[in-house]
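Here is a briefing on salt bridges and helix packing. Please keep the model open while reading.

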Amino acid sequence: MMNPQFIEKFVTEFEKALPDNVKAMNEEVRQQTRQMAEKVIGSLNLVTREEFDAQCKVLAKTREKVELLEQKLSVLEAQLNDKNVKETASSSD
């Protein structure tokens, strides 16, 4: 979602950089600048800080689960290898 305060700040800063003769058309320039900024920023497919932070938390939890599963898998693989070694040894006796 687009932050209206960010757009307003951008428009204000943009206006300050304009030459004086363009500033005379203040409201028209302000309106067009705002529309252009909203269009460009809207097309960037940005997320809010809150959404980003929430996804970081989800990613951290997912990483923890993956690490736990990798550990469990290593234990199971070791057990399977031990079992195969014992079966191979007992069948060769």
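E8 is partly exposed, with a relative accessibility of 32%; the class lies between buried (under 20% relative accessible area) and exposed (over 50%), using a 1.4 Å probe and protein chains only. This is a predicted model, in which local features need pLDDT of at least 70 and side-chain atom pairs count only at pLDDT 80 or more, while totals for chains, interfaces and linings use all residues. Residues are numbered from 1 along each chain as its sequence is written, and side-chain values use heavy atoms, leaving out hydrogens and water.

**Salt bridge between helices**

- The whole structure holds three salt bridges, each a side-chain nitrogen of Lys or Arg within 4 Å of a carboxyl oxygen of Asp or Glu.
- E8 pairs with R34, and their closest N and O atoms are 2.7 Å apart.
- E8 sits in helix α1 (residues 4-17) and R34 in helix α3 (residues 26-43), so this bridge ties together parts 26 residues apart in sequence.
- Helices here are DSSP runs (H or I, at least four residues), numbered from the N terminus.
- R34 is partly exposed, at 23% relative accessible area.

**Salt bridges within helices**

- K16 bridges to E13, with 3.3 Å between the closest N and O atoms.
- K16 and E13 are three residues apart in α1, about one helical turn.
- K16 is exposed at 55% relative accessibility, whereas E13 is partly exposed at 42%.
- D53 and R49 form a salt bridge at 3.3 Å, N to O.
- Both D53 and R49 belong to helix α4 (residues 49-91), and four residues, about one turn of the helix, separate them.
- D53 is partly exposed at 33% relative accessible area; R49 is exposed at 53%.

**Packing of α1 on α3**

- The α1 and α3 axes are 9 Å apart and meet at an angle of about 130°. Axes are lines fitted to C-alpha atoms over the stretch in contact, and angles run from 0 to 180 degrees between N-to-C directions.
- That angle makes α1 oblique to α3. Oblique covers what is left after roughly parallel (under 35 degrees), roughly antiparallel (over 145) and roughly perpendicular (65 to 115).
- From α1, the contact includes E8, F10 and F14; from α3, it includes R34, A37 and I41. Contact means heavy atoms within 4.5 Å.
- By class, the α1 contact with α3 has seven nonpolar, three polar and five charged residues. Nonpolar means Ala, Val, Leu, Ile, Met, Phe, Trp, Tyr, Cys and Pro; charged means Asp, Glu, Lys and Arg; the others, Gly among them, are polar.

Key
Helix = DSSP H or I, 4+ residues; strand = E, 2+ residues; numbered from the N terminus.
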